[in-house]
Amino acid sequence: MRQELTRRTFLKRASATAGVIAAGDLLSLSLLRPAAAQVNPLEHYPNRDWEKLYRDVYAYDDSYVFMCTPNCTHNCYLRAYVKNGIVTRCGPTQNYHKASDVYGTAASQRWDPRHCNKGLAIVRRFSGDRRVKGSLIRRGFKEWIERGFPRDEDGLPPAELFRRGEDSFVPVGWDEAYSLVARALDRIARDYSGEEGARRLKAQDYDPAMVAACQGAGTRTLKFRGGMPVLGSIKLFGQYRQANSLALLDAHIRGVGPDEAKGGVGLDNYSWHTDLPPGHPMVTGQQTVDFDLCNVEYAKMAICWGMNWVSTKMPDAHWLTEARLKGTKVVVISTEYNSTCSKADEIVIIRPGTDPALALGVAREIIDNKLYDESFVKGHTDLPLLVRMDTQELLRASDVFPGYELAKLKHTKI
């Protein structure tokens, strides 16, 4: 049963509790006296070896500089730190400010530190359990080579041997891998060379203009374009060098000289990246390389359209945010609320696929109201150039003025 607490009982218990607390205070005062001649309590600590663990967290045996080459195309130079033969972490080199051009103009120290979160995490791939530890080849492709490169009537290999995305991979030694690649390149180049090769291409519904562009060389049907894993090891132009070297194979197959030998086809590594703005090189004639992004500080308005700057250009995100601090107005046009929208002054959300309509409408408004810089347009874009309606090519002065010749250019070597 619950016992009722009367006023008399409460006062008795309160008095007893106060007495115990008072006695405890007197005891505490007698014990909390200053330690005699003990300045540092840790000086005589029994064992402090555990502190070394924390001091050695970032210790390393060696380091080296490497280039981080993911899909962002920044190619940042980073420093990897090695401990017991394993790369444990990486960091910025802090050397970008030492770079200079042929005129001796040095880069700003604001390029350092150049790094991003994706680069910090790349060390997980070096020793990750999913990394490729040797050469692999698709099982069906290997069987196609071993069976002597069989083809159907239209010239295509048997479909059951080319189940990409469904077929499994088998490990092979490096010597065998090199042999299989060489045999495949040689046989494909032979099969599509000459008149028989042209017949096979036409039977596979290739456009006649594409067949004519091969000029009888089967090496021209071999297309090279490095994906991200390949570019990480052989860099951007490695595949192009491979394509050019196939001219040696063409000379061997067709028996032609160096002037007639044809190499492989190197697909533009920029245009075939579908996450980059192709309109920029079409208008300005150059790629949107990352060093252009620093110029956003000189713009009164920056429109992020077709690029999620903060996520895909992470090392250069600070140029955008710092420009905004200095007064640059940032506008994002996107089909969703991406990470760059969080740094924008205005956000325009559009339906997917309506970009061309919006772009043409903006262009019409700018042209009709002459809201453009005429001298810049004439000097840096192809906007003033006319397009012929019959050939769809740019109108040249020689098409209008008979006997017109271009002025001779003066070349200067640096």
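This is a predicted model: local features need pLDDT of at least 70, side-chain atom pairs count only at pLDDT 80 or more; totals for chains, interfaces and linings use all residues.
1. Strands β8, β9 and β10 form an open sheet, in the order β8-β9-β10. The pairing is parallel. On average, neighbouring strands of this sheet are turned by 15 degrees against each other, direction ignored.

2. Its edges. β8 (301-305) and β10 (346-349) each have a single partner strand, so each stands at an edge with one side left without a neighbour in the sheet.

3. The β8 and β9 pairing. β9 spans residues 329-334 and is joined to β8 by five bridges. The two strands run parallel. Within this pair, Ile 303 stands opposite Val 331 in β9.

4. The largest nonpolar core. This core holds 25 residues. Those touching the most other members are Phe 66, Leu 78, Cys 90, Val 296, Cys 304, Trp 309 and Leu 320. Two or more residues come from each of β1 (62-68), β2 (76-83), β3 (86-92), β8, α13 (317-325) and β9. β2 gives the most, with four residues.

5. Around Val 296. Which residues does Val 296 contact, leaving aside its neighbours within four places in sequence? They are Ala 302, Trp 309, Trp 319, Leu 320, Ala 323 and Thr 328. Of these, Trp 309 and Leu 320 are also listed with Val 296 as touching the most other core members.

6. A separate core. Another core, of 22 residues, lies apart from the largest one. Its members include Trp 144, Ala 177, Leu 180 and Tyr 192.

How values were computed. Residues are numbered from 1 along each chain as its sequence is written. Side-chain values use heavy atoms; hydrogens and water are left out. Two strands pair if DSSP finds at least two bridges between them. Axes are lines fitted to C-alpha atoms, for helices over the stretch in contact, and angles run from 0 to 180 degrees between N-to-C directions. A nonpolar core is a set of buried Ala, Val, Leu, Ile, Met, Phe, Trp, Tyr and Cys residues joined through side-chain atoms within 4.5 Å. Buried means under 20% relative accessible area, exposed over 50%, partly exposed in between (1.4 Å probe, protein chains only). Contact means heavy atoms within 4.5 Å.
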